[in-house]
Amino acid sequence: MVGPSGSGKSSLVRAGLLPALARRRGRWTVAAPFSPGASPAGTLERHLARLPDDRPALVVIDQMEELLTLAGPEERDTFLAAVRDALRRDPRLWFVATLRSDFLTEFLECGFAPLVREPTVIGALGRDELYEVVEKPAEQAGLTFAPGLVARMVDDCGGGDALPLLAYTLQELYLRAGGAGGTVSEDMYRALGGVAGALSERADRIAAELTGAPVMATLLRFVTVDRDEATRRRVRRADLTPQEREVTDAFVAGRLLTGDGGVLDVAHEALFRQWAPLRQAVTAHTQELRRRTELERWAQDWEQAGRPDSYLLTGERLATARAWQVEDGGEPLITAFVERSVRADRATRERVADAVAVRVLESADREPESAVLAALAAVQECGAAPGAVQALHTALDTSRLRAVLRGFARGASGAAWSPDGQRLAVSGDDGTVRVWHPGSGAPPVVLAGEGAWMLGVAWSPDGRRLAAGCRDTTVRVWSTHTWTELAVLHHAAATGEREEGVGAVAWSPDGTRIASAGSDCAVRVWDAASYTGTAVLRGHERMVWSVTWSPDGTRVASGGEDGTIRVWDVNAEAAVRRLAGHQGNIESVRWSPDGRLLASASGDRTVRLWNTGSWDVERTLRGPDVINCLAWSPDGTRLAGGDADRTACVWNLGGPGSELRLTGHTDTVYGIAWSPDGERLATASRDRTAAVWDVSERTDLFTDPDGPVLRVAWSPDGTRTAAVCRNGTVRIRSTATGRVTGERHGGEASDVAWSPDGTRLVTALRDGTAVVWPTDGGDDDDLTLTGHTEELSDVAWSPDGTRIATASRDGTARVWDAATGAVLHVLRGHDDWVAGVAWSPDGGRLATSSTDRTAVVWDATDGTVLTTLHGHLDYVWKIHWSPDGRRLATASRDRTVRLWDPCDGAGLATMTGHEDRVQDVAWSPDGTRVASVSRDRTVRLWDPDSAAHVAVLGIHGDWVNGLAWHPDGSRLATASHDRTVRVWTLAGHDVDALVRRARTRFSRELGADERRAFLLPDRG
């Protein structure tokens, strides 16, 4: 039966068809009418199950539009398919359904149109029929009307809500007239407010009695909006709050809501169509009601499909659902659906964050800016997942890149710091010089010439002027106070086949002269006051690319494409030395601050340091590619060069093998300059950027020249670290300065440990001995512990400092008196090497790990076995106690970290994530984290309570051998096969501050290709 709302469809079925069938005794079974609701398939199944098999049966589906407004597509199709299949199975089964006419088209398009056969169309009641609707029931109830009143009531009826409105009106008039035998007067009808006023008057009265109750908010729970159409929605009473139940109970008592089996419904949709307060509330909340309808459908689809993760919400839909749930609460199914979506979304984001974090840490040294930006994007897009936060923190801490300066239309060619170190000038091939205040965020001052390439830039010693060499054969000079052009100095035209202009410019140390060099094969000297030429130094046979003043201002050195370096006496205007030996162009020459050395860089990929007394080559440095530019640190101890390999290299001339490479540019580096304080380095590149780098001494990365680092240990007070290399060298470093404060060579070693008072170290050696030695360089004799028959693998000091435990490949562990070296216990029981040994916090127990795949807990007082830990599938390398002594952690070649109960040996958790053997494991001092290192090069953090992976703390260049927590738990030191000891700092809880720190350093966004390279999802 199809008809508009209020046309009498349900009344015709319930008061007409069903009573008529009931009078045919014994012939029909009629199931109780039902509406589909939110879970129609289950409801239908229950009704069909109650039908007998021996006679005709009728199932009545009232308000079938709910299949479109409340149920999801899958639930709807399942329901209709069940109806179709039931009809095919049983020819005696009949279905009668009522459907609002405004949903007929959508129903016919859902794929089950054949179920509708010759529908009965219920139209609007005519005038004569409305007379009968009023008079016939009133006559049966003994109620009469004043003359003409029925006609007026019929006139007042209209629209699709006529019958429900009349129902309320007649009920109210019946009560006002005194019931049976009464007469309804004009005054009664007028006081009621007419047909439309009956329902509104009752709703107003009920609402007025519910002072302070959430009337509108509660009634809106009974409304759903599909497209722009408001329809009814059933609500379980159990899902209502006590305040909401107070409202619904009052409206049920007033017959405006109905209740059946704990499910509440509006008596008719006329309530929210005719009652102005609720109608207006529906209009005002249409968008929210529509979103709730969508959410309910999504939840029902999820439930119907068996709650698979593929149906869960993500992204914008999840954000919308969460916002709605916060505002309006939700039914249990919706709550479960949203909460499950949130958990799954969080897990997905954390997986993405972890993947991005690994890629960030792998790329931090090679692509520092992109790595930080990728980590920043992961933090902001993945809900500040711990892995992303830690990656951002680590990338910022380990990266030397402090700023990237952009804006050039073409490559950047030269860089120079102002004498006060506050400003950086960069010349560009786009014909501009840009002057920045790095770190301020302010836009640069842009100085433009005549459009010719700027090939180099230099500040006057007093910082008041700036000079740049240009490809149009000029030198331009600007005031740095007004930024106006002060002078244009002209070179002669090129003497070769091409015009390169002025390739270099330099101020004399006293600022009275300017030297420039160019394609006219000459070095020209200018008076810096009058801007007139004072000398022309000729001798080069081709383009001159570089010029530099001696610190005393008496000489100038130059170099160019003829492969020679010439040293000139400026006053005599004569060459005093011609230096040859490079096998390529001279790209750059720079005098050291003390004047003792002259550095030259060549296309032959070498840098030569010439002694300016003898003019002999004192040292040759080699680079991976052509070195284009050079710069001395202000103290003269370091030399920096930029090359065609896109890197800047810093050589520490006072230390062997000390070389720092700065990577991040994507094209050739043409300009390089030290800040006056020697803490920063600026580079200019063909990639159209300039970069500022922190080149101060590091306290978080130490390279060991003696080979792979096996183990590292913090001193008890946290002020020093001790690291042991494979060749047996032990180095003690200050954690404040990073400088070596002690060093010892004593044979090939495997481990090192501090005494609890920090005065002694014990070194485990590969010859089977352990040596105890003082760390202060005192006169105390070394104590050698002898007894093992094969090399030692681990050593540990007891908490009270009186005993030392050693583990050996001879299959035993031994306990020694730390003062005398006497053997206290020999622990036998493992079937293979003993790889690790650890004391319990109270010193009463000892734990050992072995390549026999077990760990053993021993009584340290008598050497007896307390329990054995079984479960690892491969060698157990190391073992460590929790600070409270209640748990043990083990690291294994089976790529897992396991947690154990040391009392009964029960396995508590297995933590997976490493992609190669786990080399070492340690609890944080507060017991809230476990750290592990692996041959997969990673340093990982775990939550021991949930056994969940927290973050990748860092990545080494080769496998990681050992780790140690700082006593305050804020840092972790790791030792690696890549010859380094690194100190990693754990991210704090202030994520906003971390994001601000990243944004002050880099401001751009990642491009689409960069996002994909770092495994970030594409933006919609």
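A residue is called buried when its relative accessible area is under 20%, exposed when it is over 50%, and partly exposed in between, with a 1.4 Å probe and protein chains only. The views below come from a predicted model, in which local features need pLDDT of at least 70 and side-chain atom pairs count only at pLDDT 80 or more, while totals for chains, interfaces and linings use all residues. Residues are numbered from 1 along each chain as its sequence is written, and side-chain values use heavy atoms, with hydrogens and water left out.

**View A. Alanine 947 and arginine 979 each have a positive phi without being a glycine.** Alanine 947 has a phi of about 60 degrees and is partly exposed, with a relative accessible area of 25%. Its loop runs between strand E64 (938-943) and strand E65 (948-955); helices (H or I, at least four residues) and strands (E, at least two) are DSSP runs, numbered from the N terminus. For arginine 979, phi is about 75 degrees. Arginine 979 is found in the loop between strand E67 (971-976) and strand E68 (980-985), and it counts as partly exposed at 40% relative accessibility.

**View B. Helix H18 covers residues 368-381.** From first C-alpha to last, the 14 residues of H18 reach 20 Å, close to the 20 Å expected at 1.5 Å a residue; the expected span is 1.5 Å times one less than the number of residues. Because 12 of its 14 residues are buried, H18 is largely enclosed by the rest of the structure. Among the buried residues are Pro368, Glu369, Leu373, Leu376 and Val379. Just after H18, glycine 383 takes a positive phi of about 65 degrees.

**View C. Aspartate 704 and arginine 731 form a salt bridge.** A salt bridge is a side-chain nitrogen of Lys or Arg within 4 Å of a carboxyl oxygen of Asp or Glu. In this pair the closest N and O atoms are 2.6 Å apart. Aspartate 704 lies in the loop between strand E41 (701-703) and strand E42 (709-714), and arginine 731 in strand E44 (residues 729-734), so the pair ties together parts that are 27 residues apart in sequence. Both aspartate 704 and arginine 731 are buried.

**View D. Further salt bridges include the pairs of aspartate 239 with arginine 236 and of glutamate 1005 with arginine 999.** The closest N and O atoms of aspartate 239 and arginine 236 are 2.9 Å apart. Aspartate 239 is buried, with a relative accessible area of 15%, whereas arginine 236 is partly exposed at 43%. Glutamate 1005 and arginine 999 meet at 3.0 Å, N to O. Here glutamate 1005 is partly exposed at 46% relative accessibility, and arginine 999 is partly exposed at 26%. Elsewhere, salt bridges that share partners join Glu172, Arg176, Glu201, Arg202 and Arg205 into one network. The count of salt bridges comes to 52.

**View E. Asp128, Glu129, Glu132, Glu135 and Glu139 form a negative surface patch.** Patches are made of residues with over 30% relative accessible area and no salt bridge, and like charges are joined within 9 Å. Asp and Glu count as negative, and the place of a charge is taken as CG of Asp or CD of Glu. Accessible areas come from the Shrake-Rupley method with a 1.4 Å probe. Glutamate 139 belongs to helix H6 (residues 127-141) and counts as exposed, at 59% relative accessibility.

Definitions and conventions
Patch = residues over 30% accessible without salt bridge, like charges linked within 9 Å, V, L, I, M, F, W, Y side chains within 5 Å.
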